[in-house]
Structure formats: C-alpha cells, structure tokens
Amino acid sequence: MTDTTYPPLDTLKPVASDLWIVDSGPLSGPLPLPVRMSVIKLSDGTVWLHSPTRFDEALARAIEAIGPIRHLVAPNIAHWMFLATWQRRFPDATTWAAPGLRERGQVRRKVEAGKLRLDRDLDEQSPEDWAADIRQTVVPGGLGFREVAFFHVASRSLILTDLVLNLEPGKLPWHLRLPLRLAGATAPDGRAPIYLRLAVRLGGRAASRAAAALVALAPQRVLFAHGAWFERDATPALRRSLRWLLR
C-alpha cells in the first residue's frame, strides 16, 4: 500500500532560521492527499501558524517551546478544517481568514453555531502584527476563490497553499498516477489542480499580476500544502508551475 505522506508526521521539521514545516495527513477522500503546515517565529517572539493541520498535543507543546502561538492563518477557502481544535487549545491566538472564507456556507454555519471563530480578514497588506517579517499577496479568482500567499523575508521563503500541487508519482496509488499526471499535478512539474486553475483564471489580469509578483520575489524555496515542496532552484520551479497563469 502506497503512503502519500512525508513521515515523520505531526512533527516540527526545521527549514530555515525561524521557519519550520509540519507534515500531516493523509486527508480523507478519493485522493489521499498529504497536507503541510508552515510555522514561523516572528521577530516579536510570537509564533504564526499557516494552514494548521490536525491537532496533536505533543506537537502543540513543541511549537509552544518556540514561542507563544498568537496567529492561526486560514490562507484560502479550503484550508480551515482544523482551526477549531487549535482555537480551543490556544484561545488567545487570533484567527485570520482568507477573503471570502466567512461567506462560505459551511463555514458560516459553524461560526453561527459557535464552533468556529474568525477574528480578522486578510487583505493585500500585511497587518502590523507581522509586517516586519512577512509580505503577503492575494491571488484572486472566481467562484469565491482567493488564496493569500506569504513571503518570509528573512529566509526568502514563499508559502503557498493550493496554487501548486506537486504530488510524487511513486507515492500515489497506481490508479491515480496517470490521471494526476494528465491533470498536471505531479512532480517534478506540478501545478494547481485543473478545477482550481479554471477558477483562478476567472481572476483575469489581477490574478496574472499576482502570479508575476510572486515570481518576482525570487524565493529561495517555495512551500505549499500538498506534495514535494521546492527546496532548491525554487524560482524557476515556481515560474514553471505558474506558467498557466503568467502572461
């Protein structure tokens, strides 16, 4: 049986100074996706969690050893499922929502039922809370899709979520390898899944400008939620993966 994930799971893994990842999953569904969280220690000593993965108490304590967890970030309309558990464990942390997230029906119902809290919305400008450390860019799309991309200045690391899917064929069930390759979501040249490419293209020139701005950052590495992230030669790899969007 193939394992799509990147063990050890639910464990802090250092990437660069003040930057870690946590690999987790697989997510349930027809495609057993690996999923990844990014963790940044900000210059004020607090900790910022991007796309929190499933909660694990030992993991929470390991992150607390870095600094107090003050920010939980839901970077697009799909990556919010594990927020509530982290909120219960860290009630003083601010939860940041991607544009449009609170309008999603399932999310709105959970918020109204008191099962999920969304404190502040993200936009084009980094909030004062992390402006000294992280730049952000909103990549717009249609059908309610927005993804906020983050650039950690000190490590020159770009953090995406679903704009790149780079699934390694050898880690996939055999019957999914060809369909995913044809969909353009497999390493070493993965892109966003086709349905997401269609949605983002509805963002028109604004989406293309946002993609060009991300490439212009010339990141040394690119992290994302699903698959093998770009550890080296990251800028040309990013340009290839976003070629469908660049004009």
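Ile194, Tyr195 and Leu198 together form a nonpolar patch on the surface of this predicted model, with about 360 Å² of accessible area, where a patch consists of residues with over 30% relative accessible area and no salt bridge, like charges being joined within 9 Å and nonpolar side chains (Val, Leu, Ile, Met, Phe, Trp, Tyr) within 5 Å. A salt bridge is taken as a side-chain nitrogen of Lys or Arg within 4 Å of a carboxyl oxygen of Asp or Glu, and accessible areas come from the Shrake-Rupley method with a 1.4 Å probe, only the protein chains shown counting as cover for residues. Tyr195 is found in helix 5 (residues 194-201), helices (H or I, at least four residues) and strands (E, at least two) being DSSP runs numbered from the N terminus. At 61% relative accessibility, Tyr195 counts as exposed; the cut-offs are under 20% relative accessible area for buried and over 50% for exposed, with partly exposed in between.

The model is a prediction in which local features need pLDDT of at least 70 and side-chain atom pairs count only at pLDDT 80 or more, whereas totals for chains, interfaces and linings use all residues. Residues are numbered from 1 along each chain as its sequence is written, and side-chain values use heavy atoms, with hydrogens and water left out.

Strand 8 (residues 134-140) is mostly covered, 6 of its 7 residues being buried. It runs antiparallel to strand 9 (residues 146-152), to which 7 bridges join it; pairing requires that DSSP find at least two bridges between two strands. Within this pair, Gln136 stands opposite Phe150 of strand 9. The two strands form a hairpin with 5 residues between them, and Leu143 in the turn has a positive phi of about 60°.

Helix 6 (residues 204-216) comprises 13 residues and reaches 19 Å from its first C-alpha to its last, close to the 18 Å expected at 1.5 Å a residue, the expected span being 1.5 Å times one less than the number of residues. Its buried residues are Ala207, Ser208, Ala210, Ala211, Leu214 and Val215. These cover an arc of only 160° around the axis and therefore lie on the same side of helix 6, the arc being that of the directions from the helix axis to the C-beta atoms. Arg205, Arg209 and Ala216, on the other side of helix 6, are exposed.

A cis peptide bond with omega of about -5° joins Pro7 and Pro8, and Pro8 is found in the segment before strand 1 (12-16).

How values were computed
Buried means under 20% relative accessible area, exposed over 50%, partly exposed in between (1.4 Å probe, protein chains only).
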